[in-house]
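Please keep the sequence and the coordinates at hand while reading.

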Amino acid sequence: QVQLVESGGGLVQAGGSLRLSCAASGRTFSTSTMGWFRQAPGKERDLVATISWSGGSTYYQNSVKGRFTISRDNAKNTVYLQMDSLKPEDTAVYYCAYSKLTTAQLIIRQRMGVDYWGQGTQVTVSS
């Protein structure tokens, strides 16, 4: 069993920055693929970014490329999402995700490839 606890969400003006953190329990964190998804009201939960177990491979949704950065610290069992140049359309609940798949497989399977979810953290970007 893996538990994921997110933090760092909040209200920010357009153009601002936020850093989300996700602390994981369990000894398998360092061998897992981690990801961040987001879900806006009335929309599906979409994959935003993924990172491989070593941190050597990352993926970003086109709409966040160049603005968001995913990283991980396996010694702290934590994955991060640095969000810069935020836009109102980034407003959503952001979910941390743990997957036993590779990053390539998770990109294909999307939310169906997630084994464990965090509780979600709200990010609101005002215009």
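In which strand does glutamate 6 lie? Within this predicted model, glutamate 6 belongs to strand β1, which spans residues 4-7. Glutamate 6 is buried but forms no salt bridge, and the nearest side chain of opposite charge, that of arginine 45, is 7.6 Å away.

The side chain of glutamate 6 does, however, reach backbone nitrogens, that of cysteine 96 at 2.6 Å and that of glutamine 119, which lies 2.9 Å from a polar side-chain atom of glutamate 6. Leaving aside residues up to four places away in sequence, glutamate 6 also touches a set of residues including Ser21, Cys22, Trp36, Tyr94, Tyr95 and Thr121.

Strand β9 covers residues 92-99, and seven of its eight residues are buried, so β9 is largely enclosed by the rest of the structure. The pairings of β9 are set out below.

| Partner of β9 | Residues of partner | Bridges | Sense |
|---|---|---|---|
| strand β4 | residues 33-39 | seven bridges | antiparallel |
| strand β11 | residues 121-126 | three bridges | antiparallel |
| strand β10 | residues 116-117 | two bridges | antiparallel |

Individual residue pairs can be traced in each case: glycine 35 has alanine 97 of β9 as its bridge partner, tyrosine 94 is partnered by threonine 121 in β11, and tyrosine 98 stands opposite tyrosine 116 in β10. Tyr94 and Thr121 are also among the residues that glutamate 6 touches.

Definitions and conventions. Residues numbered from 1 in each chain as written. Predicted model: local features only at pLDDT ≥ 70, side-chain atom pairs only at ≥ 80, totals over all residues. Heavy atoms only, no water. Buried < 20%, exposed > 50% of the residue type's maximum accessible area, 1.4 Å probe, protein only. Helix = DSSP H or I, 4+ residues; strand = E, 2+ residues; numbered from the N terminus. Pairing = 2+ DSSP bridges. Lys, Arg positive; Asp, Glu negative; His and termini not counted. Salt bridge = Lys/Arg side-chain N within 4 Å of Asp/Glu carboxyl O. Polar contact = N/O pair within 3.5 Å; in protein donor to acceptor, adjacent residues only side chain to side chain. Contact = heavy atoms within 4.5 Å.
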